[in-house]
Amino acid sequence: NLLNFARRTKPERNAMDLNELVENVLDLRAYQMRLDNVRVETDLAPGLPRTLGVYHQIQQVLLNIINNAHQAMLEVRGERILTVATAVEDSRILVRIADTGPGITPSTLERVFEPFFTTKPAGKGTGLGLSLSQGLVKDHGGRIRVESLLGKGTTFTVELPILEVPEEPEVQEGHRRAGLA
């Protein structure tokens with residue numbers, strides 16, 4: 001993010017399959033979650049439309065939320081379940097990430113997207129993850145919502161607009177032979 005800011009160039013948006021992106025992020029975290037006895041459940045909507053976006057930015061958003069959920073669940077005894085679901089609602093793609101962690105107090109919930117706000121001990125978090133994630137999602141025309149119940153867990157919902165993915169132009173056979181393709 002700092003490099004992108006310094007370059008002042010807008011990263012190129014390409015077609016993204018959010019189900020595939022979710023699976024890739026979960027693959028990145030699978031080993032550590034298995035070690036920590038976190039069961040991962042997915043409910044990925046079949047036929048989810050693709051949308052335009054910057055893959056690595058949305059990957060970073062999901063990775064950040066999943067990492068936070070994972071860390072929160074380490075604080076609780078009992079079953080640790082991370083549930084990731086995708087859906088389409090009102091021309092938006094939703095990615096819901098729910099955990100069975102301790103939940104977030106109402107006063108903390110109001111501040112989770114503030115830059116440099118963290119509940120983690122010194123050296124364990126900068127308080128920038130959710131703030132940057134919110135900014136990236138807003139840059140994509142979306143939003144992040146959070147709901148939490150103390151003792152029950154937390155659910156983050158990332159909403160992204162469905163942006164029409166331009167079709168690849170078909171190259172006519174005659175142009176291919178003439179070297180114009």
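Predicted model: local features only at pLDDT ≥ 70, side-chain atom pairs only at ≥ 80, totals over all residues.
Modeller: Local features here need pLDDT of at least 70 and side-chain atom pairs count only at pLDDT 80 or more, while totals for chains, interfaces and linings use all residues. Residues are numbered from 1 along each chain as its sequence is written, and side-chain values use heavy atoms, without hydrogens and water.

Colleague: What makes a set of residues a nonpolar core?

Modeller: The members are buried Ala, Val, Leu, Ile, Met, Phe, Trp, Tyr and Cys residues, joined through side-chain atoms within 4.5 Å. Buried means under 20% relative accessible area, exposed over 50%, and partly exposed in between, with a 1.4 Å probe and protein chains only. The largest such core has 34 residues, and Leu 18, Leu 62, Leu 82, Ile 97 and Val 158 touch the most other members. Its largest share, eight residues, comes from α3.

Colleague: Which residues is Val 158 in contact with, leaving aside neighbours within four places in sequence?

Modeller: Contact means heavy atoms within 4.5 Å. By that rule Val 158 has Val 61, Leu 62, Ile 65, Ile 93, Leu 94, Val 95, Val 137, Arg 143 and Ile 144 as partners.

Colleague: Why is Asn 37 called exposed?

Modeller: Its relative accessible area is 61%, and the cut-off is over 50%, so Asn 37 qualifies. Asn 37 also has a positive phi of about 55 degrees, though it is not a glycine.

Colleague: How do you know that Asp 90 is exposed?

Modeller: Asp 90 has a relative accessible area of 69%, so it passes that cut-off too. Its phi is positive, near 50 degrees. Most residues other than glycine have a negative phi.

How values were computed:
Helix = DSSP H or I, 4+ residues; strand = E, 2+ residues; numbered from the N terminus.
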